[in-house]
Each structure stands twice: as structure tokens, then as C-alpha cells.
Amino acid sequence: MLTATYILVSLSVEQASIRMSLLAFQKYMQVQLRQQSRLSLAQLQYTGDWLNRLYQGSYWRKVEMYLIPAIRQAAPHADGLLDELNGLNHAALESINVVQQRAGAAIDHSELQAEQLCAAIDAFCAALLQRLEKEERELFALARKVIVGEAWFAIAYQFLAHDARAQEARRGKAQVLPFVLPAPLPATGGAETAADGAASALPVAAQPLRAQA
């Protein structure tokens with residue numbers, strides 16, 4: 001069905017954009033943190049803020065807003081797969097909590113802490129990347145089987161309305177995704193700054209947002 005194909009292709013494009021954002025963030029933070037001998041509170045807050053933005057942004061995807069509700073309605077037996085997807089979200093959330101707890105704790109900043117922060121970032125990205133893969137491999141296939149007829153047209157209409165709202169919103173306030181290279185993080189202990197080619201800085205909130213499941 002052409003409508004179903006259009007919807008799933010549109011979702012695949014959205015998935016690819018988010019995957020690129022996660023990989024870009026992961027690579028950038030690895031370069032930054034692994035050349036640091038000491039970390040500052042500002043670096044921890046910056047990392048926690050961006051992890052939370054990327055996490056919260058996943059809830060505004062069309063998959064979450066339109067496809068999953070349609071699958072729930074058409075196939076109540078799909079709860080097992082949806083629970084697996086939610087479990088990956090919770091794994092990503094745990095990584096954010098680790099970073100935020102360290103940012104709020106009065107602890108010495110050490111090389112070990114930098115390694116632990118890299119591990120938390122890697123775990124966060126791995127969980128969300130695994131979710132994207134599972135959605136494309138299993139969720140989309142399930143959607144083709146259980147969603148029929150007029151339900152696809154209803155989803156397509158929701159997509160068009162969503163795109164219209166997003167275009168209107170972009171005129172006033174930029175969305176979080178995709179991640180683009182910011183200015184170098186504040187260096188400590190004489191470490192080098194960001195990799196060559198980093199783009200202009202993105203605004204960073206004064207206080208890290210708190211993630212919600």
C-alpha cells in the first residue's frame with residue numbers, strides 16, 4: 001500500500017537523522033573527555049543537559065506519537081515488543097541519572113571520572129541506537145501486518161499536521177535535534193580544545209534539565 005510505504009519511509013528518514021545526532025554527540029564527547037585529565041562542573045552539566053535533550057527529543061518522534069499508538073490499538077498482543085522498547089529507554093535514562101548525580105555531588109574530578117562519564121555516554125547512545133534498530137527491524141514489520149486500510153490514511157494525516165506544526169514552531173524556536181558540534185568545552189588542566197572544524201556554539205541552559213521516564 002502506497003500510504004503505508006510513504007509513512008514508513010518518512011519514519012526511516014527521521015530515524016536516520018536521530019541516529020546521526022547520537023553518533024555525532026558520542027564521537028564529539030569521546031574526543032573531548034578522553035583528552036581531559038580533570039573535569040569541571042560545567043562539563044558535567046553540559047553533558048547531562050545534552051543527554052537529557054536528546055532523550056526528551058525521542059518522545060517527539062512520529063514513531064512515538066503516531067505509529068506506536070496505532071499499533072497498540074490494532075494489536076494489543078504487541079505489548080511485549082513495546083515493553084522491550086521502553087526498557088531501552090529506561091536504560092538510556094539511567095545513564096543520564098549517573099551524569100546528573102555526578103554533577104550534583106561534591107566529588108573530586110579525576111581521570112577515572114572522565115572514563116566513567118564516557119562509559120555513561122556510550123551506554124546512553126548504545127541503548128537508543130539499539131531501540132532505533134529494533135524499531136526498524138521489528139516494529140515497522142509489525143505495523144505492516146496489523147495496521148490496515150483507513151488507519152494508514154489517518155496516520156498520514158497526522159504526519160502532515162505534525163509537519164505543519166513543526167514548520168510553524170521552527171519560526172519561533174529551534175528544535176533540540178539534530179546535535180551539531182558546539183564550541184570547545186571549557187578545558188581544565190591545560191588540555192587541548194575541541195577537534196578541528198567545530199562549528200559555532202549552541203546555547204546551553206544554565207541548569208541541567210531533569211530527565212523524566
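Is Cys125 buried or exposed in this predicted model? At 0% relative accessibility, Cys125 counts as buried, where buried means under 20% relative accessible area, exposed means over 50%, and partly exposed lies in between, with a 1.4 Å probe and protein chains only. Residues are numbered from 1 along each chain as its sequence is written, and side-chain values use heavy atoms, with hydrogens and water left out. Because this is a predicted model, local features need pLDDT of at least 70 and side-chain atom pairs count only at pLDDT 80 or more, whereas totals for chains, interfaces and linings use all residues.

**View 1. Cys118 and Cys125, two buried cysteines****.** Cys118 is buried, with a relative accessible area of 3%, and Cys125 is buried as well, at 0%. A search of the whole structure finds 0 disulfides, a disulfide being a pair of cysteine sulfur atoms within 2.5 Å. In general terms, such a link is a covalent bond between the sulfur atoms of two cysteines.

**View 2. The salt bridge between Glu135 and Arg61****.** The side chains of Glu135 and Arg61 meet in a salt bridge at 2.8 Å, N to O; the term stands for a side-chain nitrogen of Lys or Arg within 4 Å of a carboxyl oxygen of Asp or Glu. Glu135 lies in helix α5 (residues 111–146) and Arg61 in the loop between α2 (41–57) and α3 (62–74), so the pair ties together parts that are 74 residues apart in sequence. Helices (H or I, at least four residues) and strands (E, at least two) are DSSP runs, numbered from the N terminus. Both partners are covered by the term buried, Glu135 with a relative accessible area of 0% and Arg61 with one of 3%.

**View 3. Glu84 and Lys134, a salt bridge between two helices****.** The side chains of Glu84 and Lys134 form a salt bridge at 3.0 Å, N to O. Glu84 belongs to helix α4 (residues 79–104) and Lys134 to helix α5, so this pair ties together parts that are 50 residues apart in sequence. Glu84 is partly exposed at 41% relative accessibility, while Lys134 is buried at 11%. The two residues also take part in a network of salt bridges that links Glu84, Glu133, Lys134, Arg137 and Glu138, and a search of the whole structure finds 12 salt bridges.

**View 4. The salt bridge between Arg72 and Asp79****.** Here the side chains of Arg72 and Asp79 meet at 3.5 Å, N to O. Arg72 counts as partly exposed, at 38% relative accessibility, and Asp79 is partly exposed too, with a relative accessible area of 37%.

View 5. Lys62 is buried, at 8% relative accessibility.

**View 6. Ala143 in helix α5****.** Ala143 is buried, with a relative accessible area of 0%, and touches Leu67, Ile71 and Trp152, not counting residues up to four places away in sequence. Ala143 and Ala4 are 139 residues apart in sequence and 8.9 Å apart in space, C-alpha to C-alpha.

Notes:
Contact = heavy atoms within 4.5 Å.
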